[in-house]
Amino acid sequence: MRSRPFGRSGRSVGEIGFGAWAIGAAWGQVDDDEAVAALHAALDAGVDFIDTADVYGDGHSERLIARVLKERGGERPFVATKVGRRLPQQTVAGYSEENLNAFVDRSLRNLATDSLDLVQLHCPPTDLYYHPEAFERMERLVEQGKIRRYGVSVERVEEALKAIEFPGVVSVQIIFNMFRLRPAERFFQQAQERNVAIIARVPLASGLLTGKFARDTRFENTDHRQFNRHGEAFDVGETFSGVPYEVGLGAVERIRPLVSGDATMAQLALRWILMFDAVTVVIPGARNPRQALANIAAADLPPLSGDVMDAIAQIYEEDIKPYVHARW
């Protein structure tokens with residue numbers, strides 16, 4: 001596993017991490033034994049970065065991670081979590097010192113640790129980025145030793161650009177994949193100039209970029225790909241990257257011929273992200289060991305050719321851009 005510097009944190013992490021949303025909730029029924037096995041397999045294979053959040057299964061994801069790390073012992077991987085989505089309403093006032101302390105204390109208990117490696121504000125309202133006092137509260141949590149560093153998870157490029165104006169923000173987590181090219185166009189260079197780590201999330205566009213879905217694919221009622229198709233529960237951009245399902249299926253068929261050798265389409269999609277030096281770590285999810293190991297294997301693929309990169313950019317321009325580019 002190749003490592004990349006995690007911004008100015010002084011740490012490096014493997015370029016493919018483990019996204020732990022799917023083992024928490026909102027992706028259909030979770031099998032805890034399979035989830036635990038997936039985490040063990042990923043860590044055995046060299047993964048040293050895990051991303052979770054306090055709302056993934058109401059803390060279930062965090063607790064599963066703590067269970068695995070206790071079983072393994074030894075040096076802990078870099079574990080990032082997120083806070084803020086437990087609020088009943090997303091308001092600036094909700095990010096009070098009292099609430100942030102309560103969220104962090106809960107994650108400390110869930111993850112069974114004395115200090116959190118990285119706490120990210122979890123897609124807070126855009127107006128929060130115009131309130132420096134919220135970031136001053138995060139600084140105080142660092143001073144207290146509850147967290148080692150902090151960052152943000154964002155929905156929109158403009159939020160990412162505003163976030164990195166705050167010197168304490170060490171990382172930005174943002175949706176970046178073949179169906180979301182705007183971050184590379186408008187954000188990556190600025191992040192590199194400020195030495196801010198970039199965590200690429202939703203790398204497979206909620207599974208669309210695995211090439212395994214069809215028009216008649218059915219998802220469980222507890223799966224956000226069913227209940228959030230139109231943004232009913234949270235930002236619609238979190239589901240299929242905001243691309244209409246049928247449109248995404250059409251684009252996938254144009255991408256399919258670009259897959260070569262023994263690689264899968266999912267591995268091509270992950271390798272495409274790794275072509276961007278500004279990306280620190282990509283965090284695909286996995287609900288079983290097979291998925292975890294397949295994700296990691298994407299790092300072993302050779303660099304993609306210029307022709308493949310150009311073809312993907314063209315598919316984005318012609319099929320996807322009208323639906324997502326201006327919005328996120």
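Is Phe 188 buried or exposed? Phe 188 counts as buried, because its relative accessibility is 4% (buried means under 20% relative accessible area, exposed over 50%, partly exposed in between, with a 1.4 Å probe and protein chains only).

## Basis of the model

This is a predicted model, in which local features need pLDDT of at least 70 and side-chain atom pairs count only at pLDDT 80 or more, while totals for chains, interfaces and linings use all residues. Residues are numbered from 1 along each chain as its sequence is written, and side-chain values use heavy atoms, with hydrogens and water left out.

Helices (H or I, at least four residues) and strands (E, at least two) are DSSP runs, numbered from the N terminus.

## Aromatic pairs

A search of the whole structure finds 19 aromatic pairs. Rings of Phe, Tyr and Trp (its six-membered ring) pair if their centres lie within 6.5 Å; planes under 30 degrees apart count as stacked, over 60 as edge-to-face and the rest as tilted. The rings of Phe 49 and Phe 78 have centres 5.2 Å apart and planes at 35 degrees, so this pair is tilted. Phe 49 belongs to strand β4 (residues 49–51) and Phe 78 to strand β5 (residues 78–83), so the pair ties together parts that are 29 residues apart in sequence. Both Phe 49 and Phe 78 are buried.

For Phe 188 and Phe 276, the ring centres are 6.2 Å apart and the planes stand at 75 degrees, so the pair is edge-to-face. Phe 188 lies in helix α7 (residues 188–193) and Phe 276 in the loop between α10 (265–274) and β10 (281–282), so parts 88 residues apart in sequence are tied together. Elsewhere, ring pairs link Trp 21, Trp 27, Tyr 56, Phe 227 and Phe 234 into a cluster.

Phe 176 is in the loop between β8 and α6. Phe 176 counts as buried because its relative accessibility is 0%. Leaving aside neighbours within four places in sequence, Phe 176 is in contact (heavy atoms within 4.5 Å) with residues including Phe 188, Phe 276, Trp 272 and Pro 203. Between the C-alpha atoms of Phe 176 and Ala 205, 29 residues apart along the chain, the separation is 8.7 Å.

## Arg 182

Arg 182 is found in helix α6 (residues 182–186). Arg 182 counts as buried because its relative accessibility is 12%. Not counting residues up to four places away in sequence, Arg 182 touches Val 157, Glu 158, Phe 187, Tyr 316, His 325 and Trp 328.

Helix α4 (residues 132–143) has twelve residues and reaches 17 Å from its first C-alpha to its last, close to the 16 Å expected at 1.5 Å a residue (the expected span is 1.5 Å times one less than the number of residues). Its buried residues are Ala 134, Phe 135, Met 138 and Leu 141. Seen down the axis of α4, these fall within an arc of 100 degrees, so they line one face of the helix; the arc is that of the directions from the helix axis to the C-beta atoms. They pack against α3, β6 (118–122), β7 (150–153) and β8 (169–175). Just after α4, Gly 145 takes a positive phi of about 85 degrees.

In helix α11 (residues 289–297), the buried residues are Ala 292, Asn 295 and Ile 296. They cover an arc of only 95 degrees around the axis, so they are on the same side of α11. What covers the buried residues of α11 includes β3 (18–19), α1 (32–44) and α10.
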